[in-house]
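With the structure open in your viewer, please follow this tour from the whole chain down to a single residue and back out again.

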There are 2 protein chains.
Amino acid sequence: MSGWLRIVGLGPGAEALVTPEVTAVLAEATDVVGYIPYVARVAERPGLTLHASDNRVEIDRSRHALEMAADGHRVVVVSSGDPGVFAMASAVFETVDSGPRAWRDLDIQVLPGITAMLAAAARAGAPLGHDFCCINLSDNLKPWPLIERRLRLAAQADFAMAFYNPRSKSRPEGFEKTLQILREECEPERLILFARAVSRPDEALRIAHLAEATPDMADMQTVVLVGSSRTRLIERDGAPIVYTPRFTPE
Amino acid sequence: MSGWLRIVGLGPGAEALVTPEVTAVLAEATDVVGYIPYVARVAERPGLTLHASDNRVEIDRSRHALEMAADGHRVVVVSSGDPGVFAMASAVFETVDSGPRAWRDLDIQVLPGITAMLAAAARAGAPLGHDFCCINLSDNLKPWPLIERRLRLAAQADFAMAFYNPRSKSRPEGFEKTLQILREECEPERLILFARAVSRPDEALRIAHLAEATPDMADMQTVVLVGSSRTRLIERDGAPIVYTPRFTPE
């Protein structure tokens, strides 16, 4: 028995954005583990067991995947987007780090995927075409003052920004505070994009100036992109193009 | 004649990391435009003209691509990695922005790809598993004081960091200064990864503590990842795993 574990990214939703590398390991797997909607994207077939679990049980799910791999199964842990960007890879390695020594020497690999911010940026043009940062706005896993500090320093650095998990039903006030902080640090004309369900049938992209942005423009399915001070809009007949130029003058 | 322009990412090198979406548009293209080594990754076939050009002619290349699309060609501009991350998408939109009005209404789309930092992070474990930033260290297109300011603010925000274009033959001193700034802002044990040619036959990954890092560990083929203060190393029989935990305590 030589089991293995692959932690893979399924991309933002469309099949055409799943890498051939990920498709190939799914074809060899005996077990697929992940959050219900992501496991639902994997086709059933004989010899493959799908283990779908609810949100917020990342450590239980990781332990289950590691135990199966140690038992000789060929296990794929699925995330949407890229597994290394606010997804399952860190959870699995946290579990390895605190688990039995034998788990460290399992055959474990992470296979990258198209993360939501890159799919959203591509749809809009090139808003992340210059230096940028990527912040998870959920305060489940870190204290709010750290989020606020990062937002202020990112604005002072004039990074473009991508926000994951901007707004949940249980914590709607976080994104409202985020917009308030951005208004204190940035000019009112700053461009902000709300990209929902990119590459899926219900995709929606909305562009606003910071002054007009409201908390309800985002939900947990949305990735939010904020331009730098140099990000520009090109008006045209269809949806406008948003891009950040490569050049910054002295 | 209905020409179009697609600005696509070929990923870091391996064919298995090219998305099916990109493979499909390459199959429909009449013309492929890009920097010599990236165009060399596209297979020749009847009906397809390859237009390879040297580095640092991004605006000329963009203009050529837009002119051909306006003339009814089906044009693909290729970048390595993701076209929106320090690659061709911003250059094309700069050219559209300053060009004839008709270019704005061309059928232009950006197709995302696996950018180098995500491929490198996957190889190492999950070093970007928490908030992070992404900085182009080349001072061709921005003044050095802005790079220094961003590095210091990013360290103060305790972001993990990814650096593109860390070091060129013509400007070797920039990365030396970067390491010096990081040493002033971060503890000596901070983890730093040098990932060269990820997914290609000559791939090399090197992990060091900041105190031991030297400028010659990077060249222009390298993406450099710097952990946050919480990034951890898991020792094991093979290459160690580097990951950033999801949780930050109060």
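Strands, in the sense used here, are DSSP runs of at least two residues, numbered from the N terminus. The model is a predicted one, which should be kept in mind at every stop.

Along the principal axes, the C-alpha atoms of chain A fill a box of roughly 60 × 40 × 40 Å. The radius of gyration of chain A is 20 Å, which agrees with the value near 18 Å that a compact globule of 250 residues would have. Buried residues account for 51% of the 250 residues in chain A, and, among contacts with a separation of 6 or more, 74% join residues 24 or more positions apart.

Where they touch, domain 1 of chain A contributes 7 residues and domain 2 of chain A contributes 10 residues; the domain 1 side comprises 6 nonpolar residues, 1 polar residue and no charged residues.

Now select Arg232(A), which lies in strand E12, residues 232-234 of chain A. Is Arg232(A) buried, exposed or partly exposed? Arg232(A) is partly exposed, because 17 other C-beta atoms lie within 10 Å, whereas a buried residue would need 20 or more and an exposed one 12 or fewer. Apart from neighbours within four places in sequence, Arg232(A) contacts Tyr243(A), Pro245(A) and, in chain B, Asp97(B).

Finally, select Ile59(A) together with Arg232(A): the two are 173 residues apart in sequence and 42 Å apart in space, C-alpha to C-alpha.

Terms used:
Residues numbered from 1 in each chain as written. Chains lettered and ligands numbered in written order. Predicted model: local features only at pLDDT ≥ 70, side-chain atom pairs only at ≥ 80, totals over all residues. Helix = DSSP H or I, 4+ residues; strand = E, 2+ residues; numbered from the N terminus. Contact = placed C-beta atoms within 7 Å. Rg over C-alpha atoms; globule rule 2.2 N^0.38 Å. Nonpolar A, V, L, I, M, F, W, Y, C, P; charged D, E, K, R; others polar.
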